[in-house]
Amino acid sequence: MSSEGTSSAKRASLSPFADSDLHRSTEIVGGDGYYADIEPFEITLTIDIESAERDELDDIKIRDVDTSNVVGGVDDLIGLTHLHEPAILHALRLRYDSDVIYTSTGPILIAINPFKSMPVYTDEVMEQYRMQGEHALVDLSSNKEGAGGKKKSSSSIETKKLPPHAYLTADDAYRAMIRGIEMGIGGATQRREAKSRAKKAGQEDSEAPMNQSILVSGESGAGKTVTTKIVLNYFAMLSKIADQKAGTLTAESENQVRVEQQVLDSNPILEAFGNARTIRNDNSSRFGKYIDIRFNTSGKLCGATIDTYLLEKVRLIHQTEGERNFHVFYQFLESATEDDRDEYFLGDMELEDFALVNQSGTYDRRDCVSDVDMHTEMMDAMVSLVCFVCLV
């Protein structure tokens with residue numbers, strides 16, 4: 001066989017589709033095969049992360065950065081190297097084990113119920129997310145010019161983004177609404193300023209709609225009811241701040257029942273008459289609700305409507321083992337005073353004496369929530385709503 005034929009045979013055996021990767025790599029290193037003309041090389045690419053994240057290089061997206069200080073490797077699952085089910089579940093498990101219950105996946109927020117109290121819903125935490133939203137709106141970023149006309153270093157201003165949270169989702173919706181109001185009813189100057197702020201904050205410069213929606217969904221026991229209350233609390237805080245900035249919050253109005261409080265007070269009433277203990281969840285909403293919250297042009301909450309649907313009325317006549325009827329029956333009977341018992345002819349009767357609630361043989365709650373405390377909260381909310389109607 002000629003030397004040319006031998007060379008051809010070697011080329012065929014070193015095809016990229018050869019079965020033995022080890023054999024192919026050995027031939028490459030030997031230097032007498034198909035890849036003989038390829039010389040080993042090494043390129044070291046150094047990136048200044050701080051410079052790459054500045055506004056003048058805002059088109060550069062850094063993906064493979066050191067995330068060793070982030071639980072689970074990422075705050076946003078889109079940043080995972082391998083985006084498949086095992087990697088997602090592993091990241092979520094690591095975060096859950098470290099009491100990090102919120103994770104983003106693009107614009108969607110994943111919340112895992114910790115089944116315990118968490119110190120992440122304090123006034124201080126709310127203020128941090130509010131300030132971050134304020135900074136994005138007015139562009140308090142590293143490209144702000146100093147006294148000498150030079151741009152300040154990004155290290156001179158705290159630019160670290162806060163981790164995913166229900167407050168962050170609520171704040172994003174609120175800021176988008178404010179932007180939409182400015183673009184929709186403001187003058188040409190206001191619209192230009194709003195678009196400029198949106199662009200500098202890394203948001204779309206197109207006109208934002210005034211109406212925004214937050215969808216809270218999940219399985220029974222996932223925490224939908226609590227998450228809704230968390231979002232409403234955040235909106236109430238933002239509304240109060242907007243009222244202060246507008247100069248309409250006086251000492252007299254501060255002592256009155258506020259609209260924000262009315263919206264929050266609707267929750268214990270709805271839960272008492274529409275929530276019940278099920279096999280999986282001690283405070284399961286046996287109905288659906290759509291809350292329409294309305295703000296004025298200054299960002300102050302000025303009203304709300306609540307539409308309920310799919311109320312599980314069958315629970316009134318039958319409960320399975322381990323489940324309860326609606327909370328209100330247990331709350332009232334557990335907290336009824338002597339006067340209440342006399343007024344409603346209850347005497348010394350207990351829960352076991354009423355067919356409405358004794359079919360399942362279940363009367364308590366497993367989540368350590370007191371029916372007496374919930375009844376007191378419901379009655380206070382009712383009084384608050386009546387007072388507000390009188391004031392109106």
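**Entry 1: confidence.** I noted that pLDDT is the predictor's confidence in each residue, from 0 to 100. For this protein the pLDDT averages 79, and 68% of the residues score at least 70. Over residues 27-31 the pLDDT is below 50, and this stretch has five contacts beyond near neighbours in sequence, where contact means heavy atoms within 4.5 Å. Residues 139-158 also have a pLDDT below 50, with 21 contacts in the model beyond near neighbours in sequence. I remind myself that where pLDDT is low, the predicted coordinates should not be read in detail.

Residues are numbered from 1 along each chain as its sequence is written, and side-chain values use heavy atoms, with hydrogens and water left out.

**Entry 2: helix 6 and helix 8.** Helices (H or I, at least four residues) and strands (E, at least two) are DSSP runs, numbered from the N terminus. Axes are lines fitted to C-alpha atoms, for helices over the stretch in contact, and angles run from 0 to 180 degrees between N-to-C directions. I found that helix 6 (residues 166-185) packs against helix 8 (residues 224-246) at about 50 degrees, with the axes 9 Å apart. The two are therefore oblique to each other (under 35 degrees is roughly parallel, over 145 roughly antiparallel, 65 to 115 roughly perpendicular, the rest oblique). Among the contact residues are Tyr174 and Arg175 of helix 6 and Tyr234 and Phe235 of helix 8. The contact has 10 nonpolar, no polar and two charged residues; Ala, Val, Leu, Ile, Met, Phe, Trp, Tyr, Cys and Pro count as nonpolar, Asp, Glu, Lys and Arg as charged, and the others, Gly among them, as polar.

**Entry 3: helix 10 and its neighbours.** Helix 8 and helix 10 (residues 259-274) pack at about 165 degrees with axes 9 Å apart, and they are therefore roughly antiparallel. Their contact includes Lys229 of helix 8 and Glu260 of helix 10, and its residues divide into four nonpolar, four polar and four charged.

The axes of helix 10 and helix 11 (residues 327-335) come within 5 Å and cross at roughly 100 degrees, so I wrote them down as roughly perpendicular. Here Glu271, Ala272 and Phe273 of helix 10 meet His327, Val328 and Gln331 of helix 11.

**Entry 4: aromatic rings.** How many aromatic pairs does the structure hold? I noted six aromatic pairs; rings of Phe, Tyr and Trp (its six-membered ring) pair if their centres lie within 6.5 Å, with planes under 30 degrees apart counted as stacked, over 60 as edge-to-face and the rest as tilted. Tyr174 and Phe295 form an edge-to-face pair, 5.6 Å centre to centre with 75 degrees between the planes. Tyr174 lies in helix 6 and Phe295 in strand 5 (residues 288-295), so this pair ties together parts that are 121 residues apart in sequence.

How values were computed: Predicted model: local features only at pLDDT ≥ 70, side-chain atom pairs only at ≥ 80, totals over all residues.
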